[in-house]
Amino acid sequence: MPKSLEEINERIRDGSVHVVTADEMTHLVDELGAESAAKEVDVVTTGTFGAMCSSGVWMNFGHSDPPIKMSKVWLNEVEAYAGVAAVDAFIGATQLSETRGLEYGGAHVIEDLVAHREVYLKAVGYATDCYPRRSVETAITIGDLNDATMLNPRNAYQRYNVATNSTDRVLYTYMGTLLPKYGNATYSGSGTLSPIYNDPDYETIGVGTKIFLCGAEGYVVGHGTQYDPENNFGTLMVCGDLKAMSTDYLRAAILHRYGTSLYVGIGVPIPVLNAGIARKTAISDADIRTTVLDYGVGRRSRPELRTVSYEELKSGIIDLNGKEVRTSSMSSYFKAKEIATELAQRIRKGTFELALPTIRLPNRAILKPMKQLSEAPLVREVMLPSITVHEAISVQEAAKIIVGKQVNHLPVVSADNKLIGIVTAYDISKAVALNKGDSLKEIMTKRVITAKPDEPIDLAARRLERHNISALPVVDQANTVVGIITSEDLSKLLACR
Amino acid sequence: MKIVLKFPQEIMQGPLLADVVLETGVRINIDRALVDASVGEIVIDVPDERVEEVAEAFRRRGTEVHEMDTPIVLDEAECVQCGACVSVCPVEVFTYNKDRTISIDLTRCVLCKTCMTMCPHGALKTAEE
């Protein structure tokens with residue numbers, strides 16, 4: 001028999017409400033069946049605790065005397081967006097400190113505020129008749145703010161792709177450190193506790209649904225950005241009062257060589273209004289599947305290796321092409337469970353009532369890639385013809401070619417025209433200065449970093465930067481040199497974009 | 001037991017490890033090795049009952065020998081029990097418990113420090129830090 005939300009709230013008020021966490025509900029429905037479970041249970045609580053980059057806080061600082069219209073504002077040297085009214089600003093989790101770089105960002109400012117630590121504020125503006133002041137510097141704590149409202153454009157991803165790395169070098173990504181040659185795989189999401197997976201048709205999660213947000217009572221503003229419900233990549237835009245939040249459920253994070261992010265704790269209560277809802281909240285880790293992607297490919301479409309369930313991911317090992325690969329969760333299931341349990345506790349104590357959505361979330365959305373006016377140029381389009389030399393020539397001959405052709409790099413090829421090394425003008429000078437090396441073969445660099453003709457130039461530019469070198473021979477499938485791409489040419493090109 | 005060997009530059013050329021293995025007959029496991037222009041540092045794992053004998057054999061050849069200190073320290077206030085560390089550790093120091101908290105077996109640690117940079121919360125540090 002269906003229940004109304006008002007009946008459930010009545011039970012919350014009189015203390016007779018029956019609440020279970022989503023993982024417990026899975027077993028209950030298994031044992032009792034959906035009909036009986038729906039009679040027995042009033043509310044199922046879900047939870048998630050993970051890196052949610054698309055998070056931030058709107059603040060109002062109050063007016064200084066004389067007043068200023070802030071056009072730029074920094075908190076602990078992290079810039080906040082101030083292109084709104086005079087003393088309003090938004091600080092985003094991933095904005096980096098202008099002095100400390102990857103070690104401190106907007107997420108840390110937010111955590112510092114929640115922890116009641118003092119934050120240094122600096123703002124500049126242009127003077128107007130109504131706002132004559134041009135700059136202000138002060139120190140504030142969260143209590144000094146009129147408003148500190150967390151507003152996160154995209155949180156609580158229904159599930160997420162698994163990341164691994166096929167290349168022979170370590171990758172540093174927003175999914176953590178990915179070891180070479182499928183050395184590990186990382187995933188995120190709370191599986192059976194996932195808020196949206198427990199209400200996949202958005203029957204109870206919608207505009208105005210009350211949620212647990214980092215310890216405070218928050219609510220769902222609407223669907224999140226990049227919302228893709230048909231492919232089970234639903235997201236939520238959520239809002240809550242930062243002043244009521246706790247660092248138990250909100251943490252700044254640093255993803256090594258990537259940047260900063262905010263670990264956000266969200267719990268969504270699902271009222272069990274009928275057997276259909278009960279059945280959906282019975283979802284288990286084994287039911288939720290996701291795709292393993294190769295982050296070794298720096299393109300929008302990363303190769304899909306296979307699909308796996310959260311149950312397999314949680315087992316600690318997945319099979320990738322016959323190799324046993326160890327898995328890590330980037331989000332914390334333990335904290336997700338703690339949040340679902342804490343939310344259940346608040347409901348039982350009568351301090352958290354439920355609200356139904358005032359507007360339902362759409363069950364369809366169109367997710368588009370970026371419209372680009374032009375495709376990223378490929379290496380093939382910008383590479384220059386390369387002069388190659390044979391391994392057997394002398395240092396003297398190579399020096400003549402470098403001077404005569406005015407180049408700095410000479411790819412060295414074997415008799416059958418395969419790339420086997422590279423020499424630079426510096427290598428030649430060094431060999432001459434030290435009077436060593438008769439043939440190129442002795443002085444060339446044998447491990448050559450190369451580019452492929454069909455790669456976007458951004459990937460080649462990143463490779464030059466990473467290896468701190470100034471040119472990449474371009475080779476085809478057969479390792480034959482088809483051109484060369486130099487940092488000099490690339491920087492000219494990239495500067496024009 | 002894990003011990004740290006520090007080779008001064010003068011003796012880095014010789015087949016020291018091989019000599020010690022042949023002399024003692026102990027099957028030494030190399031956990032980690034760092035050799036550059038100025039220093040050679042190797043962490044080896046030796047059966048507990050033979051540690052003294054092996055250490056002595058290295059000392060006689062001019063090698064500094066230390067017991068490996070508490071390798072990595074966990075700051076429990078910062079740890080959120082995500083387990084990011086679990087899959088990057090080459091020697092499986094970290095494992096998930098049934099309740100999805102993380103168990104740490106520091107006796108296995110070879111101080112490669114990969115977990116320290118992997119940890120999003122800066123919860124893993126060396127003892128000196």
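Entry 1: I note at once that the model is a predicted one.

I then asked which other strand is joined to strand 5 (residues 72–75) of chain A, and in which sense. I found strand 10 (residues 119–124) of chain A, joined to strand 5 by 4 bridges and running antiparallel to it. Here Leu75(A) has Leu121(A) of strand 10 of chain A as its bridge partner.

**Entry 2: another hairpin in chain A.** I looked up strand 26 (residues 317–320) and strand 27 (residues 323–329) of chain A, which run antiparallel and are joined by 4 bridges. Ile317(A) has its bridge partner, Arg326(A), in strand 27 of chain A. Strand 26 and strand 27 of chain A make a hairpin with 2 residues between them, and Asn321(A) in the turn has a positive phi of about 50 degrees.

**Entry 3: the sheet 1-2-23 of chain A.** I recorded an open sheet of 3 strands in the order 1-2-23 of chain A, with mixed pairing. Strand 1 (19–21) and strand 23 (269–271) of chain A stand at the edges; each has a single partner strand, so one side of each has no neighbour in the sheet. On average, and with direction ignored, neighbouring strands of this sheet are turned by 25 degrees against each other.

Within this sheet I checked strand 1 and strand 2 (residues 43–45) of chain A, which pair in the parallel sense over 3 bridges. Val19(A) stands opposite Val43(A) in strand 2 of chain A. I also asked which helix lies across strand 1, strand 2 and strand 23 of chain A. I found helix 7 (residues 333–348) of chain A, which runs at about 175 degrees to strand 1 of chain A.

**Entry 4: the sheet 29-30-31 of chain A.** I then turned to an open sheet formed by 3 strands of chain A in the order 29-30-31, again with mixed pairing. Strand 29 (389–390) and strand 31 (419–424) of chain A are its edge strands, each pairing on one side only. Strand 29 of chain A runs parallel to strand 30 (residues 409–413) of chain A and is joined to it by 2 bridges. The bridge partner of Val389(A) in strand 30 of chain A is Val412(A). Helix 9 (residues 395–405) of chain A lies across strand 29, strand 30 and strand 31 of chain A and runs at about 135 degrees to strand 30.

**Entry 5: domains of chain A.** I noted the division of chain A into domain 1 (5–52 + 151–360), domain 2 (62–145) and domain 3 (379–495). The C-alpha centres of domain 1 and domain 3 of chain A lie 50 Å apart.

**Entry 6: the layout of chain B.** I found 3 helices and 8 strands in chain B. Along the sequence, chain B follows the pattern β-α-β-β-α-β-β-β-β-α-β. Its domain assignment gives domain 1 (2–67) and domain 2 (72–126) of chain B. The C-alpha centres of these two domains of chain B are 27 Å apart. Taken along the principal axes, the C-alpha atoms of chain B fill a box of roughly 50 × 30 × 20 Å.

**Entry 7: helix packing in chain B.** I looked up helix 1 (residues 16–24) and helix 2 (residues 51–60) of chain B, whose axes come within 10 Å and cross at roughly 135 degrees. Helix 1 of chain B is therefore oblique to helix 2 of chain B. Helix 1 of chain B passes helix 2 of chain B in a right-handed crossing. Val20(B), Glu23(B) and Thr24(B) of helix 1 make the contact with Glu53(B), Val54(B), Ala57(B) and Phe58(B) of helix 2 of chain B. By class, the residues of this contact are 4 nonpolar, 1 polar and 2 charged.

**Entry 8: chain B against chain A.** Last, I asked how many residues the contact takes from chain B and from chain A. I recorded 18 residues from chain B and 25 residues from chain A. Helix 3 (residues 114–118) of chain B gives the most to the side of chain B that touches chain A, with 3 residues. That side of chain B has 8 nonpolar, 8 polar and 2 charged residues.

Notes:
Residues are numbered from 1 along each chain as its sequence is written. Chains are lettered from A and ligands numbered from 1 in the order in which they are written. This is a predicted model: local features need pLDDT of at least 70, side-chain atom pairs count only at pLDDT 80 or more; totals for chains, interfaces and linings use all residues. Domain bounds come from an automatic or database domain assignment. Axes are lines fitted to C-alpha atoms, for helices over the stretch in contact, and angles run from 0 to 180 degrees between N-to-C directions. Angles under 35 degrees count as roughly parallel, over 145 as roughly antiparallel, 65 to 115 as roughly perpendicular and the rest as oblique. A crossing is left-handed if the near helix is turned anticlockwise from the far one by less than a right angle, and right-handed if clockwise. Two residues are in contact if their C-beta atoms, placed from the backbone, lie within 7 Å. Ala, Val, Leu, Ile, Met, Phe, Trp, Tyr, Cys and Pro count as nonpolar, Asp, Glu, Lys and Arg as charged, and the others, Gly among them, as polar. Two strands pair if DSSP finds at least two bridges between them.
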